Amino acid sequence: MSESKLAGQYFDAAIGLLQRVRDEEAEAIGAAGALVADTAAVGGRLFASGAGHSSLPAQDVVYRAGGLALMNLLPIPGMVGVDVMPATLGSALERVDGLAGVVLDNSPARAGDLLFIISLSGRNPLPVEMAMHARSLGLKVIGVTSVAYATATASRHRSGDFLKDHCDLVLDSKIPVGDAELTADGVGAPFAPASTVVTSALMQAVIATAAGELAARGIDPPMLRSGNVDGGHDWNKQVMAEYGDRIFYHR
């Protein structure tokens, strides 16, 4: 099988998943966008968090051209991408009881804020505890996960629960268990994951919905412009000055 054929199959698989999410999660995306708009409209703060590769869609909506300036990354030490050595340490930290509470208690998040928790499987202690603790603090929680894992795998949290069980709203990425779209002769394991592509698109769809919702309410959403476009830096500087009390990546 030629490499070009495999590439085409990967694109087809990713496009198929994107279409499923667009069609099957339309109502949930609309509700998530409304929650973001509700929070922003009353002065609340917006956070997104994920561990390992699930941190990438969270980072994708923070401080970027065309993005909502109010989105902040809630970083988890040792789990922002694959930034620790050995990389397996990050996976181990997701299973440490109590870490999520420590992260939240030492963050700027407070009652009335909104937190996206991104976890493909939603089965590890970290995302489950983060959702539980965030809600106990009075935050709204949107879980972004593959619901399929809850029926095909066992939870690693002592409660037996998954992330989806402790959210105000769940966005299902539809990613199949194992996160690998292709198989081929001579390749011993399934390969070509699509979770980052699909979950990032899902997050951007929510932010786009929120921007439209705020505009419909007569509120000009604070969007960032590209710094590589003339006037972009000045625009962003003004936005950050106006909304500085809700932006934590610029100090």
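This is a predicted model: local features need pLDDT of at least 70, side-chain atom pairs count only at pLDDT 80 or more; totals for chains, interfaces and linings use all residues.
The protein has nine helices and five strands, where helices (H or I, at least four residues) and strands (E, at least two) are DSSP runs numbered from the N terminus. Residues are numbered from 1 along each chain as its sequence is written. Local features need pLDDT of at least 70, side-chain atom pairs count only at pLDDT 80 or more, and totals for chains, interfaces and linings use all residues, while side-chain values use heavy atoms, with hydrogens and water left out.

**Overall fold**
- Along the sequence the elements run α-α-β-α-β-α-α-β-α-β-α-β-α-α.
- The radius of gyration is 18 Å, close to the 18 Å that the globule rule gives for 251 residues, so the protein is as compact as a globular protein of that length; the radius is taken over C-alpha atoms, and the rule is 2.2 Å times the number of residues to the power 0.38.
- The C-alpha trace spans about 55 × 45 × 35 Å along its principal axes.
- Among contacts (heavy atoms within 4.5 Å) between residues at least 6 apart in sequence, 76% join residues at least 24 apart.

**Burial and surface**
- Of the 251 residues, 47% count as buried, meaning under 20% relative accessible area with a 1.4 Å probe and protein chains only.

**Helix α8**
- Helix α8 covers residues 195-216, which is 22 residues.
- From first C-alpha to last, α8 reaches 31 Å, close to the 32 Å expected at 1.5 Å a residue; the expected span is 1.5 Å times one less than the number of residues.
- Buried residues of α8 include Val198, Leu202, Val206, Ala210 and Leu214.
- An α-helix has 3.6 residues a turn, so residues three or four places apart point the same way.

**Thr199**
- Thr199 lies in α8 and counts as buried at 6% relative accessibility.
- Apart from neighbours within four places in sequence, Thr199 is in contact with Pro57, Ile118, Val144 and Ser173.

**Ser55**
- Ser55 belongs to helix α3, residues 55-60, and is buried with a relative accessible area of 1%.
- Leaving out neighbours within four places in sequence, Ser55 is in contact with Gly50, Met79, Val80 and Gly81.
- Ser55 and Leu104 are 49 residues apart in sequence and 16 Å apart in space, C-alpha to C-alpha.

How values were computed:
Buried means under 20% relative accessible area, exposed over 50%, partly exposed in between (1.4 Å probe, protein chains only).
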